[in-house]
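Biologist: I am new to this structure and would like to learn how to read it. Could we begin with a single residue and then widen the view?

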Amino acid sequence: MTKKISRRDFLRGGAAVLALGTMEGAGFATTAQVEEKPTYTIATVRWTDTWPTDYLYEGIMQELADKHGINIEWQVYYNSDWNEQKSLLLASGDLPDAFFGSICLTATDVSQNKPFFVELTDLIDEYMPNLVSVMEECPDLRAVCTDRDGKIYSLPKKLPLRPEVCGNVLYINQDWLDNLGLETPTTLDELTAVLKAFAAEDADGDGDATSEIGYTNSAGSVLSGDLRNIMFPFGTMVSRADNYMGLNGEGTPVFMPIEENYKSAVVWMHDLYESGVLDPEYFTQEGSTATAKRQAEGGSKVGLFTGWTADAEAGVNASQFVALEAIEGPDGNRYVENASNYLDISDRELLITTKCENPEKLLAWADDFYTDLVSLQTFYGSIPDCVAENEDGTYEVLVPEDGSSLDTSAWSNSMRDFGPKYMTDEFAALVSLPEDQGDGIKLAEDEINAQYVTTDRNVGLPVLQYTDDELSRINTLGIDIYSYCEAQYAHWVVDGGVEEEWDSYVEQLKKMGVEELISIHQDAYDAYLENKEA
């Protein structure tokens, strides 16, 4: 059972107070007990250089360093050029003491450079009582970071204050519905009719019936995006954008682009394209162009989109859109994206390199990230600037005073999605969010579709661990298989012919090794389940 503690007591009591109880005499040094603070270099990656990094040396981040008697020298990189810098770093062997955040290293990076990293299996049991406790409460955390040889090389996370419908939902242009006198669609047939009306009529009321776009997208991995978005009603859920794998209703890994429901979805997408619903630039435009159409000055040019929240996709035009209740698909089910085991839970949030002279002390510091109060602040920003601690023991995430969005504020004042963290449900109930901002909107809208969250229908795969040989085979097989699937998808959406060409398409994928690819994911999923039950 969670023991509620204040920020002051947390800092005064060292690491003796845990998120899931108490532990006396943990042996963690306070600042006063340390004459010379060891310095650890930690590399982390940020999405953009427009976000400040001052918070790394202030607030909760500095408080934790002081509490454990250490200095942290942060080496901040940016995503735009990280791949090149990462390659040079790993090739040189001149490594930091640790990498912080799953954005830093891929599973392949870790697999190919395993000698660079400290095995943490026994160290976790000895120096990380908080993590041990939360792994017992949430077995997925241990499963997600346990290697196929039973060893742990990285620390996991579970994001806090997340919706049950963990993923994107459909948003429809309510202004356009009102202009055309249309009812909100609830079934696939109704949605199809509405989208065709959007494309054929003057839905935005500008006098031009040709300027409206029913649904748009951007070039790149269009198929992986559509499987998780517009094709929702067909149950084509995949959690990862890079492997097209999902779990069917029996809990068996499947390669979605060879499933019958996928074929039905492609037939539907071709009909939308033929009817002018899909943007003519669907397979050619950059993401910024698609965004510009959704966020066009004077009103959105798009009738439907999928997103985390309306403001995230439509910007200033967000008020035009409302979240749709999950559309009833051809099989009578209402599918939603239930990807919490992939989007919320992940590994590689902290990896310690063999350069680190005292990993035990760094792990003791990292263990505090698995407490409620720290997780709250590493997700939204520190108390009192970003989070208010109320006298009644509750917490309030504050609206940014500079007029920015809460999402931008969180990324500018905390590690946000990256780094170790875990929050109990009991503590989460004490936290309030602004209902008109980012996560607050998402949680409020979650009531619309939470009832449709289930595990007995198609869902995505969790984060899995693969052997070196399996990773090599996935990379080898995937290059041609994924490219072929993408090309065929574009061909069928634009030109049609999926039903006539389906058998030869499936046969070609088998020749390319798709069955071996599925088998690899099946073995990895079986290992995940074993580790979860261990």
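**Reading one residue, then the whole**

Modeller: In this predicted model, setting aside neighbours within four places in sequence, Asp-97 touches Thr-39, Tyr-40, Thr-41, Leu-351, Ile-352, Thr-353, Lys-355 and Cys-356.

Biologist: Is Asp-97 buried or exposed?

Modeller: A residue is called buried when its relative accessible area is under 20%; the value for Asp-97 is 7%, so Asp-97 is buried. A polar atom of its side chain lies 2.8 Å from the backbone nitrogen of Thr-41.

Biologist: What separates the C-alpha atoms of Asp-97 and Leu-191?

Modeller: These two residues are 94 places apart along the chain, and their C-alpha atoms are separated by 53 Å.

Biologist: How many residues of helix α15 are buried?

Modeller: Seven of the nine residues in α15 (residues 359-367) are buried, which leaves this helix mostly covered; among them are Trp-365 and Asp-367.

Biologist: And how should I read the protein as a whole?

Modeller: The secondary structure consists of 22 helices and 17 strands. The radius of gyration is 24 Å, close to the 24 Å given by the globule rule for 534 residues, so the protein is as compact as a globular protein of that length. Of these 534 residues, 56% count as buried, and among contacts between residues at least 6 apart in sequence, 75% join residues at least 24 apart.

Note on methods: Residues are numbered from 1 along each chain as its sequence is written. This is a predicted model: local features need pLDDT of at least 70, side-chain atom pairs count only at pLDDT 80 or more; totals for chains, interfaces and linings use all residues. Side-chain values use heavy atoms; hydrogens and water are left out. Helices (H or I, at least four residues) and strands (E, at least two) are DSSP runs, numbered from the N terminus. The radius of gyration is taken over C-alpha atoms; the globule rule is 2.2 Å times the number of residues to the power 0.38. Buried means under 20% relative accessible area, exposed over 50%, partly exposed in between (1.4 Å probe, protein chains only). Contact means heavy atoms within 4.5 Å. A polar contact is a pair of N or O atoms within 3.5 Å; within protein, one must be able to donate a hydrogen and the other to accept it, and residues adjacent in sequence count only if both atoms are side-chain atoms.
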